[in-house]
Amino acid sequence: MKAQAELVDAEAIHSKTQQDLARISPLAKEKAVTELELDAAIAAEKSAKANVDAKQANLTNLEASVKYTIERANAEVSAAKARLTQAELDLSYCDIHSPINGIVGFLQVDEGNLVGRGDATLLATVSLSNPLLVDFNISEVEFLKITRDKGGNRGDLRFDLILSDESTHPILALSKLWIVRWILQPAR
């Protein structure tokens, strides 16, 4: 890094000024150099030391800044992961599955409606399709005719369930009376 190189350069200059001061100090005691030259060497050493301290502080600040930037980026990544987890959780609430298999009746809400804020919302009615229970009316005379079969054999009885589109229900061919719930009505 540039800041490290500048620090090394400043330390080298400081080392040279220390050596210069160490050479000039004994000569100044013996009056071999002037006081002005000694003062210049002392000032150069102090200036070089201050420059080293400044470069060291700059490097420390730069390292702290880089560390802060990395920690902030890590925090932003963690926050993005948390938002992703929340979005996945929210999305999981968008799919609604019936706890039973059957036929969906009347829809109480349409796709895209906001539901579930505070109170429970009835979305649709699901009716079981297995077993399929069918209620129909039969007169008492027809009931007596069916139940008083001469041979006691009820196996010949057959019912077809005609759907609203005039088709016959493919599975329902009743041959046992106990499957059907009878609603008796007076004979006409």
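Trainee: What percentage of the 188 residues in the protein do buried residues make up?

Mentor: This is a predicted model in which local features need pLDDT of at least 70 and side-chain atom pairs count only at pLDDT 80 or more, while totals for chains, interfaces and linings use all residues. Residues are numbered from 1 along each chain as its sequence is written, and side-chain values use heavy atoms, with hydrogens and water left out. With buried taken as under 20% relative accessible area, exposed as over 50% and partly exposed as in between (1.4 Å probe, protein chains only), the buried share of the 188 residues is 14%.

Trainee: Is V66 buried, partly exposed or exposed?

Mentor: V66 has its place in helix α2, residues 35-92, where helices are DSSP runs of H or I with at least four residues, strands are runs of E with at least two, and both are numbered from the N terminus. Because its relative accessible area is 41%, V66 is partly exposed.

Trainee: Which strand gives the most to the lining of the largest pocket?

Mentor: A pocket is an open set of points on a 1 Å grid over the protein atoms alone, where a 1.4 Å probe fits, with protein on both sides within 12 Å along at least five of seven lines, and its lining residues have an atom within 4 Å of a point. The largest pocket is lined by 20 residues, among them C94 and I96, which belong to those nearest its centre. At least two lining residues come from each of β1 (102-107) and β2 (124-128), and the strand that gives the most, with 3 residues, is β1.
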